[in-house]
Amino acid sequence: MATRSVKSAYYISTLSVSMILFLLGIIAYTVINMARASERLMGDMCVTLLVKEGLGEEKIKALQGKIAATEGVAKVEYTTKEQAAAEFRAYAGEDLRVFLDDNPLPASFDVYLKDDYENRVEPSKMASVLGGYDGVSEVLCQSEVLEQVSRNVYKVRIIAASFLLALLVVSVILIGNTIRMVIHSKRFLIKTMRLVGATDKFIRAPFMREAMYQGLSAGVTAWVLLTGVIMAVDHFSPELPFTMDDLRMLALLYGSVMVVGVAICLASTALALRRYLNIDNTSLYVY
């Protein structure tokens, strides 16, 4: 009966660890999605530079290279006067040349900013720098809107990272208590081994090995559940930026879940064993 009770406690403990790792993986998956969505949003932010009339092709290429080399610039896209007219015609359904002899739309550069918050330059400062380049006639930039979006994205990242860290701490505590209960159920076995002369290393070995297997089993179970959720999200919401095709991110997520599971199980078992290795007879009946 006692053996069955110990096995039952072990299985319940493993299932509990699996559920905690699964929840941790889901939160990490959500945080990754939020981070990538914010990166995509930041990547869509741009400053438009209108090119002066009559600027030669060589000067335009030189200006494009200078803009691309500016700190905080991710990429530069050049639009000719003809392309601008074609875009207007596609948008408005009217050709400007019906009303005007010449095309009044200027050539322009769309300058996209880097989404790396630590290394980025504020849009207002970027607009000031780019507006001073020779060959730029005007800068179009909603700097207040862009900076507000940038600040909000940074806040979302901080909040999400803090929440994930808090969940990790809670997970360590919950898994530690779960494993401690399993070790507590085997306290008489530990005491008996100690009485017959077993060393600390000899007593720890099977428990640490069992903890490693428990962490691996819990990690694999969490993998299965996590895969089911990700596949469901990928099927019903393919527009999300994080999908099953991103193998690098999936490997990082799954690897982290497994490493955290094994590490917490080993650490929690080692800490619990420290208490019961030298426990006295009176404390055997106290949790």
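Contact here means heavy atoms within 4.5 Å.

## About the model

This is a predicted model, in which local features need pLDDT of at least 70 and side-chain atom pairs count only at pLDDT 80 or more, while totals for chains, interfaces and linings use all residues. Residues are numbered from 1 along each chain as its sequence is written, and side-chain values use heavy atoms, with hydrogens and water left out.

## A threonine in a loop

Let's start with Thr 70, which sits in the loop between helix 2 and strand 2. Helices (H or I, at least four residues) and strands (E, at least two) are DSSP runs, numbered from the N terminus. Leaving aside residues up to four places away in sequence, Thr 70 touches Met 126, Val 129, Leu 130 and Tyr 133.

Thr 70 counts as buried because its relative accessibility is 11%. Buried means under 20% relative accessible area, exposed over 50%, and partly exposed in between (1.4 Å probe, protein chains only).

Four strands make an open, antiparallel sheet in the order 2-3-1-4; two strands pair if DSSP finds at least two bridges between them. Strand 2 (73–79) and strand 4 (136–140) are the edge strands, each pairing on one side only.

Strand 1 (residues 46–51) and strand 3 (residues 108–113) pair in the antiparallel sense over five bridges. Within strand 3, Tyr 112 stands opposite Cys 46.

## An exposed leucine

Finally, look at Leu 165 in helix 5 (residues 143–185). Leu 165 counts as exposed because its relative accessibility is 54%.
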